[in-house]
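Please keep the sequence and the structure in view while reading.

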Amino acid sequence: MSSHKILIVDDEEGIRESLKLILADHYNLILTEDGEQALKVLENSSDIALVLMDIKMPGQNGLETLEAMKEKYPDLKVIIVTGYKSVETATEAVRLGASGYIVKPFKSDEVLATVRSVLKK
Ligand SMILES: [Mg+2]
């Protein structure tokens with residue numbers, strides 16, 4: 001079992017729960033509901049290996065949060081989790097420094113494969 005710590009950021013409880021079911025056996029997880037909470041967690045923990053983050057969230061959206069994260073923590077790995085219709089936004093996220101993206105609805109093996117490959121980079 002890996003001890004990598006993953007920060008999950010999504011305003012939908014159902015998505016947070018799905019990601020938790022998929023990842024909890026393999027990683028240590030911290031679940032947050034928005035970008036502001038996520039940035040606070042990052043301020044207080046230096047051992048986050050990866051962030052999995054939604055784009056559409058109330059308040060600061062995922063792209064704005066991604067920019068803020070990469071400015072403060074340039075080496076932080078971030079995977080964007082996005083709705084099917086915003087693949088272009090996901091491409092923009094990669095341009096802003098995201099290490100990859102997962103399109104909703106996702107399958108558990110896709111999530112695990114993407115997380116594993118980004119953590120290996
Ligand atoms: Mg959302």
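## The metal site

Does Asp 54 count as buried or exposed, and at what relative accessibility? In this predicted model, Asp 54 counts as buried, because its relative accessibility is 4% and the word buried applies under 20%.

Asp 54 is also one of the residues that coordinate the magnesium ion, together with Asp 11, which like Asp 54 uses OD, and Lys 56, which uses O, at 2.0 to 2.2 Å. Along the chain, these donors follow the spacing D-x42-D-x1-K. Lys 56, at 68% relative accessibility, counts as exposed, whereas Asp 54 counts as buried.

## Salt bridges

The structure holds six salt bridges, and among them is the pair formed by Asp 54 and Lys 104, whose closest N and O atoms are 3.1 Å apart. Because Asp 54 lies in strand E3 and Lys 104 in strand E5, this pair ties together parts that are 50 residues apart in sequence. Lys 104 forms a salt bridge with Asp 10 as well, and here the closest N and O atoms are 3.5 Å apart. Asp 10 lies in the loop between E1 and H1 while Lys 104 lies in strand E5, so this pair ties together parts that are 94 residues apart in sequence. Both Lys 104 and Asp 10 are buried, and Asp 10, Asp 54 and Lys 104 are linked in a network of salt bridges.

Another salt bridge joins Arg 16 and Glu 33, with the closest N and O atoms 3.9 Å apart. Arg 16 lies in helix H1 and Glu 33 in the loop between strand E2 and helix H2, so the pair ties together parts that are 17 residues apart in sequence. Arg 16 is buried, with a relative accessible area of 10%, whereas Glu 33, at 43% relative accessibility, counts as partly exposed.

## Helix H5

Helix H5 covers residues 108-120, which makes 13 residues, and reaches 18 Å from its first C-alpha to its last, close to the 18 Å expected at 1.5 Å a residue. Within H5, the residues Val 111, Leu 112, Thr 114, Val 115, Val 118 and Leu 119 are buried. These residues cover an arc of only 165 degrees around the axis, which means that they are on the same side of H5. As background, an α-helix has 3.6 residues a turn, so residues three or four places apart point the same way.

On the other side of H5, Asp 109 and Lys 120 are exposed. The buried residues of H5 are covered by elements that include strands E1, E3, E4 and E5 as well as helix H1.

Technical notes. Residues are numbered from 1 along each chain as its sequence is written. This is a predicted model: local features need pLDDT of at least 70, side-chain atom pairs count only at pLDDT 80 or more; totals for chains, interfaces and linings use all residues. Side-chain values use heavy atoms; hydrogens and water are left out. Helices (H or I, at least four residues) and strands (E, at least two) are DSSP runs, numbered from the N terminus. The expected span of a helix is 1.5 Å times one less than its number of residues. Buried means under 20% relative accessible area, exposed over 50%, partly exposed in between (1.4 Å probe, protein chains only). The arc is that of the directions from the helix axis to the C-beta atoms. Contact means heavy atoms within 4.5 Å. Donors are N, O and S atoms within 2.8 Å of the metal (3.2 Å for Na, K and Ca); water is not among the atoms, so sites may look incomplete. A salt bridge is a side-chain nitrogen of Lys or Arg within 4 Å of a carboxyl oxygen of Asp or Glu.
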